[in-house]
Amino acid sequence: MKLTYQKASAAILATLLLLTVAGCSLFGSDDPEPGTVQIELSSHIGGQPLVLNQTSYMSPVGHDFSVTLVEYILTNVALRDENGNLVRLADVHYCNEENPDTHVFGGVEVPAGKYTSLTFTFGVSGQENVFGNLANTTDFDNMMWPMMMPMGDGATERYHYMRFEGRYGVDGAFRIHVGPSGGSDFSFDVEVPLEVDLDGEDWNLGLVMNLDQWLTEPNDWDFADYSMIMGNQAAQSLIQANGASVFTLGHANVR
Amino acid sequence: MIRFLQISILGLGLLLGCDSSSVPSGPTPFELIIPNGFPDMDIPADNPMTVEGIELGKKLFFDPILSIDSTVACASCHLPEDAFSDPLAFSNGVAGKTGRNSMPIINVGWMNTLFWDGRALSVEDQALQPVENEVEMGESWDNVVRKLQRHPDYPELFVAAFETSIISADLVTKAIAQYERTLISSNSRYDQFRAGAIELTEQENLGLELFFTERADCFHCHSTRLFTDNRYHNTGLDEFYTDTGRAEITQSASDVGKFKTPTLRNVEFSAPYMHDGRFETLDEVISFYDTGAQPSETIDPLIGANRRLNLTEEEKAALVAFLKTLSDPKFLSQ
């Protein structure tokens, strides 16, 4: 009798174990799971990582130039899935080429799925671009676009979208400061194609700002004509058009 | 009877316990008021501000006990009436003249690097360095600690501020840093104008417009509420630099001739100007930026070797008038 009871118990246990294993296989482990996505920013010229202050580059109109400062703001950073739905990675991000701490952001949980592009606004669009709207930090403070710059409404201070500075030729200097001017905000939306099939992994996406593209396609940039452009609506329009080809995907890896 | 006594003693103990718990213990937290529109201030977690810590820091700031011969205090080179800077181009230390002009101590709580070359990475670190500088105070921290420990007042003040009578260099600098973080200037005529409380004069308004546009282009370095970007620039003071500034710290050729942007708040009172105090008046400073920049390999693109502002005399005067709206007389009386 005792033996029979032991056998029965063993059979029940074995059945339970089998069911548990089968249950996991059938109902658990095959379910798509969320992961995380972080963005890693870098600046390149000629397909190579930018070296601040040192390397001499060549502009499309034949100017030797070096870069001393690159800082910019991205907003509404999101992934677009195959159905067109957006998953927000960050509301706003400030990047300073000189500060590696600002090169990586995101790292947020993202639902499983197939993602086809990374989208964001370069700069701060429209009504959002009011000084004080972004985090109250010295980094954003330094990006102030003063109230005196022509915007049309003359209402308040705003933010630079980008400060891209350097030297060219023998003793020239350029200060490409992008931001609102003459009643237009000049921010623009960017969509970078990618293929990410996310299922439980932690992804790292490299977003490259190809600085040389700011200086060409469709408008070849002559530092001698446009060394400083904050109050120049025409120049802001030209640089905005060049911005369309500036951002590319560097890599898409599982971390 | 014994049980009654036990209960009575327990009750008395509880009463005493309640009584003692109602007495505040430890230093009193100090809530720093951040002026409207200013960035958030990062206060180190290991040095929270307290009423007692600030009082101690203030006493230490003005006390020459920190120097080897008790002749030089922090305040000797950072005089409140001179915007916490020094009217001398080079300050008098215990062993002669210092190598650079004393930077004003204004709104330093928002600075993540200090000194003209940025060699200090916190307010605490900044407070640490002058004591053992041979020219400035010429003292060792061990001696400073011994002197403070023997002092009739300080041990008690350290107990009040940090709950220990064992004084250390770390606690001294923490106290001074707490005091320095209270040195906030935010009530100038410019601030009142921004708040809508007053109007600026026509001349001041012209100066403001010049300052905040690329016409005079002051604002890119002297940004926003703090009037400093806390960065380093070669403004074209010289073609060749004997004092290489930031490069002394980074050892990078690209940093030669770069110095930290000083705040312009209370600039009316912080003369002489530049890292070596070469300009005695604001007129001289503006004339330099108008036409005087010298070319060099590291000159800042915001200045540019060939850039000439060509300001009119009226515009120069307007800039000076605007700069004087940044004066905050109440701040100077701290």
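**Chain A and its partner**

Mentor: Among contacts in chain A (heavy atoms within 4.5 Å) between residues at least 6 apart in sequence, 72% join residues at least 24 apart. This is a predicted model, in which local features need pLDDT of at least 70 and side-chain atom pairs count only at pLDDT 80 or more, while totals for chains, interfaces and linings use all residues. Residues are numbered from 1 along each chain as its sequence is written, chains are lettered from A and ligands numbered from 1 in the order in which they are written, and side-chain values use heavy atoms, with hydrogens and water left out.

Trainee: How many helices and strands does chain A have?

Mentor: Chain A has 3 helices and 14 strands. These are DSSP runs numbered from the N terminus, helices being H or I with at least four residues and strands E with at least two.

Trainee: And what share of chain A counts as buried?

Mentor: Of its 255 residues, 47% count as buried. The term means under 20% relative accessible area, with exposed over 50% and partly exposed in between (1.4 Å probe, protein chains only).

Trainee: Which residues of helix α3 in chain A are buried?

Mentor: In α3(A), residues 233–242, the buried ones are A:Ala235, A:Gln236, A:Ile239 and A:Asn242. Seen down the helix axis, the buried residues of α3(A) fall within an arc of 120 degrees, so they line one face of the helix. The arc is taken from the directions between the helix axis and the C-beta atoms.

Trainee: What do they pack against?

Mentor: The buried residues of α3(A) pack against β8 (144–145) and β11 (172–178) of chain A. At the start of the helix, a side-chain oxygen of A:Asn232 comes to within 3.1 Å of the backbone nitrogen of A:Ala234.

Trainee: Let us turn to the interface. How many residues does each chain contribute to the contact?

Mentor: Chain B gives 32 residues and chain A gives 32 residues. The area buried between them is about 2,500 Å², with carbon and sulfur atoms giving 52%. Buried area here is the accessible area (1.4 Å probe) that two parts lose on being put together, summed over both.

Trainee: Which three residues of chain B supply more of its buried area than any other three?

Mentor: They are B:Glu214, B:Arg231 and B:Pro301, which supply 26% of the area that chain B buries against chain A.

Trainee: How many salt bridges are there between chain B and chain A?

Mentor: There are 3 salt bridges between the two chains. The rule requires a side-chain nitrogen of Lys or Arg within 4 Å of a carboxyl oxygen of Asp or Glu. By class, the side of chain B that touches chain A has 11 nonpolar, 10 polar and 11 charged residues. Ala, Val, Leu, Ile, Met, Phe, Trp, Tyr, Cys and Pro count as nonpolar, Asp, Glu, Lys and Arg as charged, and the others, Gly among them, as polar.

Trainee: Which residue of chain B pairs with A:Glu71?

Mentor: A:Glu71 forms a salt bridge with B:Arg231, with the closest N and O atoms 2.8 Å apart. The pair crosses from strand β4 (residues 64–81) of chain A to the loop between α9 (202–211) and β3 (232–233) of chain B. A:Glu71 is buried at a relative accessible area of 0%, and B:Arg231 is buried at 17%.

Trainee: What about A:Glu157?

Mentor: The side chain of A:Glu157 meets that of B:Arg225 in a salt bridge (3.5 Å, N to O). A:Glu157 lies in the loop between β8 and β9 (158–159) of chain A and B:Arg225 in the loop between α9 and β3 of chain B, so the pair joins two chains. A:Glu157 also forms a salt bridge with B:Arg194, the closest N and O atoms being 2.9 Å apart. A:Glu157 is buried, with a relative accessible area of 2%, and B:Arg225 counts as buried at 12%.

Trainee: Is B:Phe84 buried or exposed?

Mentor: B:Phe84 is buried, with a relative accessible area of 0%. Its phi is near 55 degrees, a positive value in a residue other than glycine.

Terms used:
A polar contact is a pair of N or O atoms within 3.5 Å; within protein, one must be able to donate a hydrogen and the other to accept it, and residues adjacent in sequence count only if both atoms are side-chain atoms.
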